[in-house]
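Student: I have not seen this structure before. Could we go through it together?

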Amino acid sequence: PPTNDERFWVNAQLADTDYRDGFDAADAVAGDVENLKSFSEVVFLVDKTGSMADDVETIFYAAHEIIRRLPFETWTSVIYFGDRNTNPSDWYDYQPMEGNSENLINRLKGVNYGGGGGDKVSIYDALYTSIRRTKWESHGTRRVYVITDAQPHVGVKSRYSVNDVNDAAEKYGVDIKIISIQ
């Protein structure tokens, strides 16, 4: 039987579609943000490993459409993550929530891609850290979009487990959407 970590990832894959490329992923995010309530808070948790460079560049070009569809008074943050195991000093780049949507575009284009080199990254570590570190203040929807082309590290290669992530998400009332690019 699958472990809790595997079950989380399988459920995420079943709940969300595997997208062909950054164009498909951007369309999915733009369509989904339309359904958020006003005064929501959205974190875009973006895999910054080398294999994601082309896809995130595409999402950057679609960011204007995503911003156009965000509900009134939605606060956003773009947080980049990679693989803590291969790049421990630069695996995570946190940014607090802000209401200026133009800064969202600047954050999407201002990253250096690299590292990784495998099919797994520190998704659970990034999710847990982001949920706990973000100053959630609204009474609207609180959502994290994880944009990645990799699977999560589990066991000794991950400081946090799926149970830790689920507990933090429940404590702070955060929805998680996995945008898996193939």
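This is a predicted model: local features need pLDDT of at least 70, side-chain atom pairs count only at pLDDT 80 or more; totals for chains, interfaces and linings use all residues.

Student: Where in the chain do Phe44 and Tyr145 sit?

Tutor: Phe44 belongs to strand β2, and Tyr145 to strand β6, which covers residues 142-148. The pair links distant parts of the chain, as the two residues are 101 residues apart.

Student: Are they buried or exposed?

Tutor: Phe44 is buried, and Tyr145 is buried as well.

Student: What about Trp91 and Tyr92?

Tutor: Trp91 and Tyr92 form a tilted aromatic pair, with 5.1 Å from centre to centre and 40° between the planes. Both Trp91 and Tyr92 are buried.

Student: Back to Phe44. What does Phe44 touch?

Tutor: Leaving aside residues up to four places away in sequence, the residues that Phe44 touches include Val29, Ile66, Val78, Ile79, Leu104, Tyr145 and Ile147. Thr76 and Ser77 are also among them.

Student: Which residues have the most contacts inside the largest nonpolar core?

Tutor: Those are Phe44 and Ile147, in a core of 27 residues. The elements that give two or more residues to this core are α2 (22-33), β2, α3, β3, α4 (101-109), β6 and β8 (175-181).

Student: Which of them gives the largest share?

Tutor: Helix α3 does, with 6 residues. Apart from this core lies another one, of 26 residues, among them Phe81, Tyr128, Trp136 and Tyr172.

Student: Which way do β2 and β3 run, parallel or antiparallel?

Tutor: Strand β2, residues 41-47, pairs with β3 in the parallel sense over 7 bridges. Within this pairing, Leu45 has Ile79 of β3 as its bridge partner.

Student: How many bridges join β3 to β4?

Tutor: There are 2 bridges between β3 and strand β4 (residues 92-93), and these strands run antiparallel. Opposite Tyr80 stands Asp93 in β4.

Student: Now the loops. Where is Phe39?

Tutor: Phe39 is in the loop between α2 and β2. Its phi is near 65°, a positive value in a residue other than glycine. With a relative accessibility of 45%, Phe39 counts as partly exposed.

Student: And what is the phi of Glu73?

Tutor: The phi of Glu73 is near 60°, again a positive value in a residue other than glycine. Glu73 lies in the loop between α3 and β3. Its relative accessibility is 39%, and Glu73 counts as partly exposed.

Student: How many residues of helix α5 are buried?

Tutor: Helix α5 (residues 123-133) is mostly covered, with 9 of its 11 residues buried. Among the buried ones are Ile123, Tyr124, Leu127, Tyr128 and Ile131.

Student: How far apart are Tyr124 and Asn163?

Tutor: They are 39 residues apart in sequence, and their C-alpha atoms are 9.4 Å apart in space. Asn163 lies in helix α6, residues 162-172. Asn163 is partly exposed, with a relative accessible area of 37%.

Student: To finish, how many helices and strands does the chain have?

Tutor: The chain has 6 helices and 8 strands. Along the sequence they follow the pattern α-β-α-β-α-β-β-α-β-α-β-β-α-β.

Student: What share of the chain is buried?

Tutor: Of its 182 residues, 52% count as buried. The accessible surface of the chain comes to about 8900 Å², and 47% of that belongs to carbon and sulfur atoms. Among contacts between residues at least 6 apart in sequence, 87% join residues at least 24 apart.

Definitions and conventions. Residues are numbered from 1 along each chain as its sequence is written. Side-chain values use heavy atoms; hydrogens and water are left out. Helices (H or I, at least four residues) and strands (E, at least two) are DSSP runs, numbered from the N terminus. Buried means under 20% relative accessible area, exposed over 50%, partly exposed in between (1.4 Å probe, protein chains only). Contact means heavy atoms within 4.5 Å. Accessible areas come from the Shrake-Rupley method with a 1.4 Å probe; for residues, only the protein chains shown count as cover. Two strands pair if DSSP finds at least two bridges between them. Rings of Phe, Tyr and Trp (its six-membered ring) pair if their centres lie within 6.5 Å; planes under 30 degrees apart count as stacked, over 60 as edge-to-face and the rest as tilted. A nonpolar core is a set of buried Ala, Val, Leu, Ile, Met, Phe, Trp, Tyr and Cys residues joined through side-chain atoms within 4.5 Å.
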